[in-house]
Amino acid sequence: MDTTPARKPGETGFNILLLLGSIFLFYQAYKIAGFSALSSPGAIPMAASATMVISACIIVAKEFSRPKAEGGAKAFFVQILPFTLAVMCGLIILFAVVLQKVGFILTGLSFLFFSIWFLQKRGPASAALIALLCVVVIYVLFRLIFQVILPEGIIPERDIIASVKHWFAGAK
Amino acid sequence: MPETLQYFLMTWTQPQLLFLTAIGTFAGIYIGAIPGLSVTMAVSILISFTFSWEMNNALALMAGIYMGGVYGGSRTAILLNIPGAPAAIATALDGYPLAKKGLAGEAIGLSTTVSTIGGFFGILILAIAAPFVSEFAIRFQPRDYLLLAVMGLLLVGSLSGGSMAKGVFAGALGVLLGTVGLDPLTAEERFTFGYTDLMTGISAVAIMIGMFGVSEALDQMHYLNMPGVKQRLERIVPSWKDVKKHLPLGLRCSALGTFIGALPGTGGDIAALMAYDHAKRSTKNPEVPFGEGAKEGIVAPEAANNAAVGGAYIPMLTLGIPGDAVTAVIVGAMFVHGLNPGPLLMIERPEIFWFTVGNLTLATIFMFIFGMTGIKIFTKIVEWPKAVLLPVILLLSIVGCYAINNSVTDVWWMLGFGIVGYFMKTYGYQLGPVILGLILSRLIDDNWRRAIISEQESLVGLFKGILTSPLSLFLFLTIVFLLFSQTKTWTKLKARVFGRKDVNIDPTQV
């Protein structure tokens, strides 16, 4: 039972996309082994994708019985993908692109600074302070205590950690 | 017996495990309480950070987060009328009206007490029932596993109040995603499109973090400026009279919660809603009407959702079938650590079972301690601005996903599924079935092929087998009923017989 009274902006398009995607996946599943045997490697992929196609058809069919979304594309960018969300998506994608090359410390710091600054809509100083604090805590907790490997990038962290250890060892 | 006790007390006697359980429970309460942070999200992000740990340490931390998180949602439900987690939706219905009357402390105290009772009840049933279920499960035929897995996927869709078609779609998508890569039996390529990266499949953890971490964080961007509500907190420890009065209801709802939790695919959220419904029907003359601050309205869902934790571990440890989305993620973590949950786990590694039982018991004790203390500081932390919280979650998601295989490809998958997950969530698809489908995919694939090969590729033979075995028949009829219960004929029939319509509260909309 669907409790949503009217369609949301972009809902029909999304559901149709899922239907088309499901049909494509069914075709790909068919290509694995066709209808050669019930125990073939393609049997469950075909069954799963067929279920997706059938349920997507039901979803789309039910969709048309509900009142249309009002406001068109404009409503989509207000209710579903507002400016804030689009900018944040862009920032995450950018973060993922440069993460390995530039390294965790610089990308993490920049990502947190820009996103907090943008979301808080206050001065850059508090955003910078919070970003720095968070990166330090995450770095110490995950990299130094839990020994999780984080992308090093352009800052030679291992050398720095090694020389700090060496320095402390020397001090003893 | 002494060995069992030794395994049971392992977490209690080793300071490191004790500390991790305490930290996990404490963190769980806060994660569960902060709207937008879910336990599933936290546990899935944690897998990536703990995969290099000793397995016991990772399991101790996750059990703590799970138990604490299920309880934590009630705090914000009572204080702010915002359920921190879907399992606390029902708690808000009467918890917030109580808080508005200045009884927030009392409501929190009562919810902590009954959550603890519910938690212990679920664990007790887990300890008693799981060994029997596991012994019984050894006799399961491949077709029974197949039917059980399909039943689990359907249950999520039908009981959670959302659209059945969307639930089925999500479950099938999960199953399909689980088949990507080389077929484990024949090494045939499935959905690899010629890319070597896809030969090993898509990282399940990347999909989990994307669907639960990134998509939830994106969804929460809509609620950046939600104003905080200030609360008065006075008496916290509930009166003995109150506890005694509500104990029978608490125990009934604990039993209900354990049962719902033990059904594959259903967890604390559904248990809490059903318990609330039960309390409403069974309480003849509440002191205060339901919806206006009835204490029964807090007791029922809170006892049930924590009892469901122990319940959810039963199918997970005995059959390898997760009881809900969190246990689906924990199964993923167990695979990462080289464990294979299922009937043989209880025979080959009994220490894991008793360790888990001891662990959950300890987490429940910590939940009570932390639940009764630090509430004033709690209200401050919960009001942390989302403008800071959400970027930190996104950062942790990306870093956590990268850390599993040091692979940027995993990060791309995570982001892709995060964005698709956001749209799915926005348009009313549930994400739980995707993860359940993903985890159950291998089980469904293997058991389908075993079942059909043992019948010489004959569908008629398979059906004969189903019809002649009482267990298979029962599971098959349950599946048929679940599908039938979504039809208009059933709605009409129910209205005619019971003369009422169900009130649906959709957990996906919170």
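Phe484(B) is partly exposed, at a relative accessible area of 35%; partly exposed lies between buried, under 20%, and exposed, over 50%, with a 1.4 Å probe and protein chains only. Phe484(B) pairs with Trp490(B) edge-to-face, with 6.0 Å centre to centre and 65° between the planes. Rings of Phe, Tyr and Trp (its six-membered ring) pair if their centres lie within 6.5 Å, and planes under 30 degrees apart are stacked, over 60 edge-to-face, the rest tilted.

Colleagues, this is a predicted model, where local features need pLDDT of at least 70 and side-chain atom pairs pLDDT 80 or more, while totals for chains, interfaces and linings use all residues. Residues are numbered from 1 along each chain as its sequence is written, chains are lettered from A and ligands numbered from 1 in the order written, and side-chain values use heavy atoms, without hydrogens and water.

Over all chains there are 26 aromatic pairs. Another edge-to-face pair joins Tyr276(B) and Phe290(B), at 5.8 Å and 85°.

I turn to the interface. In chain A, 65 residues are in contact (heavy atoms within 4.5 Å) with 62 residues of chain B. The rule finds one salt bridge across this interface, a side-chain nitrogen of Lys or Arg within 4 Å of a carboxyl oxygen of Asp or Glu. Lys166(B) and Glu11(A) form a salt bridge at 3.3 Å, N to O.

Finally, ring pairs link a cluster whose members include Phe14(A), Phe76(A), Phe169(B) and Tyr422(B).
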